[in-house]
Amino acid sequence: MSTLNVAVLGYGLAGSVFHAPLIAAEPRMRVAAVVTSSAERADQARREHPGVRVLASADELFADPTGIDLAVVATPNRTHVPLAEQALAAGLPVVVDKPFALTAAEGERVIAAARRAGLALSVFQNRRWDSDFRTIRRLIGDGELGEVRRFESRFERWRPVSKGGWREVGDAAEGAGILYDLGSHLVDQALHLFGPVTEVYGELDSRRAEVRADDDAFLALTHASGVRSHLWMSAVAPQLGPRFRVLGAESGYLCYGLDPQEAALRSGRRPDDGKPWGTVEPEAWGLLGVEGDTRQIPSEPGDYPAFYAGMADALLEGAPVPVDPGDAVAALRVLERARQG
């Protein structure tokens with residue numbers, strides 16, 4: 001079986017917590033190189049992935065990409081497009097963390113470059129493999145809800161004082177703010193379930209004095225299919241709403257809390273540690289039914305490893321990439337419309 005050597009560009013939260021552990025857990029892949037200018041993060045990469053080649057800049061990698069089969073761009077949002085374009089020019093297939101780009105036009109440009117080069121390109125929309133989202137897909141596919149009329153989705157937290165990272169206190173023009181951070185997931189999920197939208201309404205606010213970009217946002221989408229999606233994302237919610245509420249003609253589904261995979265990865269767990277992965281305890285299962293007649297239903301296990309399994313299939317067997325970058329461009333168009341008001 002072939003082993004794909006992967007270079008991870010950036011070893012902050014995205015690179016070290018999400019990408020590298022999932023790559024290392026995929027039997028057909030290994031973390032062969034890490035690009036970071038931080039000595040502390042370089043040492044961390046060496047501890048976590050013995051034998052890894054650590055480079056101080058992406059230019060070093062692209063100057064000699066010999067032996068690398070895939071580049072993963074897990075750097076700050078403003079660098080996603082230039083690094084993806086450099087990787088493609090160096091002959092490397094690419095995975096780009098979300099948001100794919102800062103504008104739909106930039107995303108289209110990267111897609112065109114990948115097409116010209118004949119190289120695989122995908123976007124890390126890992127929330128498609130969240131436990132709760134997979135459960136909703138199952139319910140809709142099985143007809144448990146009837147015709148879906150309204151889809152409500154939230155990523156909310158209570159953080160009255162920001163942690164100071166670029167995602168929170170940076171400028172919206174460089175991809176900071178909660179719309180591009182969490183909104184990239186919420187919009188992708190809505191489009192994935194219910195298709196393109198005809199109308200977009202957005203409310204974007206900066207609630208904390210130290211924050212320049214949006215930290216509290218709401219989007220209302222009207223899908224061509226007739227479904228209405230209401231999406232909340234906030235860092236300043238003193239009480240958290242349900243993660244999902246999906247209302248159909250025959251039944252509804254309601255659930256609270258977050259998929260457990262992020263917490264597991266942050267704690268240092270890996271999907272290949274031999275223990276059950278992505279499972280949700282029964283007390284956290286969602287409710288299905290109608291007013292006065294609801295029941296808990298088992299949650300599908302979360303499956304972030306499916307992304308890099310799909311990427312290995314694409315590179316080794318010619319399968320479609322796990323997330324079509326065109327989907328990410330469609331989501332960017334929605335985010336742009338929301339920002340325009």
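Predicted model: local features only at pLDDT ≥ 70, side-chain atom pairs only at ≥ 80, totals over all residues.
**Overall form**

The protein contains 12 helices and 14 strands. Its C-alpha atoms fill a box of roughly 65 × 45 × 40 Å along the principal axes. Buried residues account for 54% of the 341 residues. The accessible surface comes to about 14700 Å², and 48% of that area belongs to carbon and sulfur atoms.

Contacts along the chain can also be sorted by how far apart the partners are in sequence. Among contacts between residues at least 6 apart, 71% join residues at least 24 apart.

Strands of a sheet pair through backbone hydrogen bonds, either parallel or antiparallel.

Ala7 stands opposite Ala33 of strand 2.

The table lists four of them, with one pair of facing residues for each.

| Strands | Direction | Bridges | Facing residues |
|---|---|---|---|
| Strand 7 (residues 148-156) and strand 10 (residues 228-234) | parallel | seven | Glu156 and Ser234 |
| Strand 7 (residues 148-156) and strand 11 (residues 244-248) | antiparallel | five | Phe151 and Val246 |
| Strand 11 (residues 244-248) and strand 12 (residues 252-255) | antiparallel | four | Phe244 and Cys255 |
| Strand 12 (residues 252-255) and strand 13 (residues 287-290) | antiparallel | three | Gly252 and Gly289 |

Strand 7 therefore pairs with strand 10 in parallel and with strand 11 in antiparallel fashion, two strands being counted as paired if at least two bridges are found between them. Strand 11 continues into strand 12 through a hairpin of three residues.

In soluble globular proteins, nonpolar side chains tend to be buried together. In this protein the largest nonpolar core has 98 residues, and Phe100 and Tyr308 touch the most other members. Helix 12 (residues 325-340) supplies the largest share of this core, seven residues.

Beyond its neighbours within four places in sequence, Phe100 is in contact with residues that include His80, Val81, Leu121 and Val123. Further partners of Phe100 include Pro325, Ala328, Val329 and Leu332.

Most peptide bonds are trans. The bond from Lys98 to Pro99 is cis, with omega near -10°. Pro99 is placed in the loop between strand 5 and helix 5 (104-117).

Val94 belongs to strand 5. Is Val94 buried or exposed? The relative accessibility of Val94 is 0%, so Val94 counts as buried, the cut-off for buried being under 20%. Leaving aside neighbours within four places in sequence, the contacts of Val94 include Leu70, Ala71 and Val73, as well as Leu121, Ser122 and Met311. Val94 and Ala7 are 87 residues apart along the chain, and their C-alpha atoms are separated by 9.7 Å.

Asn126 lies in the loop between strand 6 and helix 6 (131-141). Asn126 has 5% relative accessibility and therefore counts as buried. Which residues are in contact with Asn126, leaving aside its neighbours within four places in sequence? They are Phe18, His185 and Tyr304.

How values were computed:
Residues numbered from 1 in each chain as written. Heavy atoms only, no water. Helix = DSSP H or I, 4+ residues; strand = E, 2+ residues; numbered from the N terminus. Buried < 20%, exposed > 50% of the residue type's maximum accessible area, 1.4 Å probe, protein only. Contact = heavy atoms within 4.5 Å. Areas by Shrake-Rupley, 256 points an atom, 1.4 Å probe, with all protein chains shown as cover. Core = buried A, V, L, I, M, F, W, Y, C linked by side-chain atoms within 4.5 Å.
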